[in-house]
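Here is a short note to read alongside the model. Have the structure open and follow the points in order.

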Amino acid sequence: MSPRSQTVAAVRAEVCALHAELVRYGLVVWTAGNVSARVPGEELMVIKPSGLAYTELTPESMVVTDLFGTPVAGDWGNPTLAPSSDTAAHAYVYRHMPEVGGVVHTHSTYATAWAARGETVPCVLTMMGDEFGGDIPVGPFALIGDDSIGRGIVETLRGSKSPAVLMKNHGPFTIGVDARAAVKAAAMCEEVAKTVHVSRQLGEPLPIDAGLIAALHHRYQNVYGQ
């Protein structure tokens, strides 16, 4: 196997494994949702096949496409499965945000409920300051099938600290430096969407000063962890 194919194989294995994390954190039902990853050093991405059950996913079933969403063949195998219906959106993000190495889409319950209202999740939790650097923004309504969703993601997140966007009447999309970071952002997005919703049932959540949000985000992104 060539070095290029070894890289593709490693990404396929990682993307397959990360779909199990979507199930583990209760972010998906049936066959909805997807994870993709950019192939390092290549104009390629790897994404979940369309309509395949999570229990049936294997590294070999992950679809390799170019950055326009067209399946490509190599010595890793021929593209026998159709890629996710969201492939064009993911591909558009990779083409226009070179810093992004992973994209995730879910229909997780609470985040999608905020998207259904077209409402930004306000930054009223230190966890939100840490991970999102402020509010979780809302992106425009867009139909599936072309790169309209991708354009909305890029327009909303380019220049934003947030790795998550709630596409109006659709659901959350998250980005990261790699696919694992994007999955983490999806899990965190659902968690804070749920918590802020519950808080609003009890009363009006207390805002956090913008300066404190900036300090929280800087510490978490640059100091926290190993």
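1. Let us start with Glu 42, which is partly exposed, with a relative accessible area of 23%. The terms here are buried for under 20% relative accessible area, exposed for over 50%, and partly exposed in between (1.4 Å probe, protein chains only). A word on the basis: this is a predicted model, in which local features need pLDDT of at least 70 and side-chain atom pairs count only at pLDDT 80 or more, while totals for chains, interfaces and linings use all residues. Residues are numbered from 1 along each chain as its sequence is written, and side-chain values use heavy atoms, with hydrogens and water left out.

2. The side chain of Glu 42 meets that of Arg 4 in a salt bridge, at 3.2 Å from N to O. This pair links distant parts of the chain, 38 residues apart: Arg 4 is in helix 1 (residues 3–24), and Glu 42 is in the loop between strand 1 (34–38) and strand 2 (44–47). Helices (H or I, at least four residues) and strands (E, at least two) are DSSP runs, numbered from the N terminus. Arg 4 is partly exposed too, at 39%.

3. How many salt bridges does a search of the whole structure find? The search finds eight, where a salt bridge is a side-chain nitrogen of Lys or Arg within 4 Å of a carboxyl oxygen of Asp or Glu.

4. Another of these pairs is Glu 119 with Arg 200, at 2.6 Å from N to O. Glu 119 sits in the loop between helix 3 and helix 4 (126–132), and Arg 200 is in helix 6 (residues 179–202), 81 residues apart. Glu 119 counts as partly exposed at 24% relative accessibility, and Arg 200 is partly exposed at 30%.

5. Asp 130 and Arg 219 also form a salt bridge, at 3.7 Å from N to O. Asp 130 lies in helix 4 and Arg 219 in helix 7 (residues 210–222), so the pair ties together parts that are 89 residues apart in sequence. Asp 130 counts as buried at 12% relative accessibility, whereas Arg 219 is partly exposed at 37%. Elsewhere, salt bridges that share partners join Arg 95, Asp 147 and Arg 151 into one network.

6. Finally, please look at Thr 106, in the loop between strand 4 (102–105) and helix 3 (109–117). Thr 106 is buried at 1% relative accessibility. Leaving aside neighbours within four places in sequence, its contacts (heavy atoms within 4.5 Å) include Leu 22, Val 28, Pro 172 and Ala 186.
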